[in-house]
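Welcome to the tour. Please open the structure in your viewer and keep the selection tool at hand.

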Amino acid sequence: MLSVHIVCVGKMKEKFYIGAADEYIKRLSAYCKLTITELQEEKLPPNPSQGQIDAALVKEGQAIRARIPSGAHMVAMCVEGKLHSSEQLAALVQNCEVNSAKHLVFLIGGSFGLDPALKQECRVRLSMSPMTFPHHLARVMLLEQIYRAFKINEGSAYHK
């Protein structure tokens with residue numbers, strides 16, 4: 001069974017996001033071993049300089065790297081990434097399973113994104129949309145799309 005990891009910067013607090021995430025976590029338990037790791041976002045002043053933001057991203061990147069299993073297939077969730085259809089995401093998941101990848105890791109940064117060096121280490125840079133979403137909503141959307149990918153791969157009517 002494929003291990004899917006979501007490593008996120010920031011803790012989900014809103015009950016409506018938590019409830020939605022919990023539903024997809026429950027559904028995904030039949031398809032993969034899911035791990036969600038929430039890391040603390042670096043504290044920044046109200047109007048941080050670019051240097052302060054860059055330093056925070058480097059620190060967050062180090063914390064993220066410490067949570068990535070060895071040999072993982074890493075996917076950076078970032079606005080400048082490539083747009084994928086649900087079917088393309090399903091193919092990525094299936095490719096990991098077929099090629100005996102043990103760990104598929106999705107990375108979600110904090111409010112300033114992900115460390116550029118970390119994004120370069122990822123095999124895939126994936127964008128959900130050119131629009132901006134709250135990070136916690138993006139996590140719920142990602143969980144739903146991962147679930148949809150497994151349902152597509154099994155030939156289920158869920159995707160219709």
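Which element gives the most to the lining of the second largest pocket? Select α5 (135-154): this helix gives the most, with 3 residues. Helices (H or I, at least four residues) and strands (E, at least two) are DSSP runs, numbered from the N terminus.

This is a predicted model, where local features need pLDDT of at least 70, side-chain atom pairs count only at pLDDT 80 or more, and totals for chains, interfaces and linings use all residues. Residues are numbered from 1 along each chain as its sequence is written, and side-chain values use heavy atoms, with hydrogens and water left out.

Stay at the second largest pocket, which holds about 150 Å³ of space. Show its lining, including Met77, Leu83, His84 and Gln145. By class, that lining has 7 nonpolar, 5 polar and no charged residues.

Next, go to the largest pocket, with about 440 Å³ of space. Of its 21 lining residues, select the closest to its centre: Met77, Cys78, Val79, Phe133 and His135. Colour β3 too, as the source of the largest share of this lining, 4 residues.

Last stop: helix α2, residues 50-65. Pick out its buried residues, Ile53, Ala56, Leu57, Glu60, Gly61 and Ile64; buried means under 20% relative accessible area (1.4 Å probe, protein chains only). They cover an arc of only 140° around the axis, so they sit on the same side of α2; the arc is that of the directions from the helix axis to the C-beta atoms.

Conventions: Expected span 1.5 Å × (residues − 1). Buried < 20%, exposed > 50% of the residue type's maximum accessible area, 1.4 Å probe, protein only. 1 Å grid on protein atoms, 1.4 Å probe; cavity = no way out; pocket = protein on both sides within 12 Å on 5 of 7 lines; lining within 4 Å. Points joined across faces, edges and corners; volume = space filled by probe spheres on them. Nonpolar A, V, L, I, M, F, W, Y, C, P; charged D, E, K, R; others polar.
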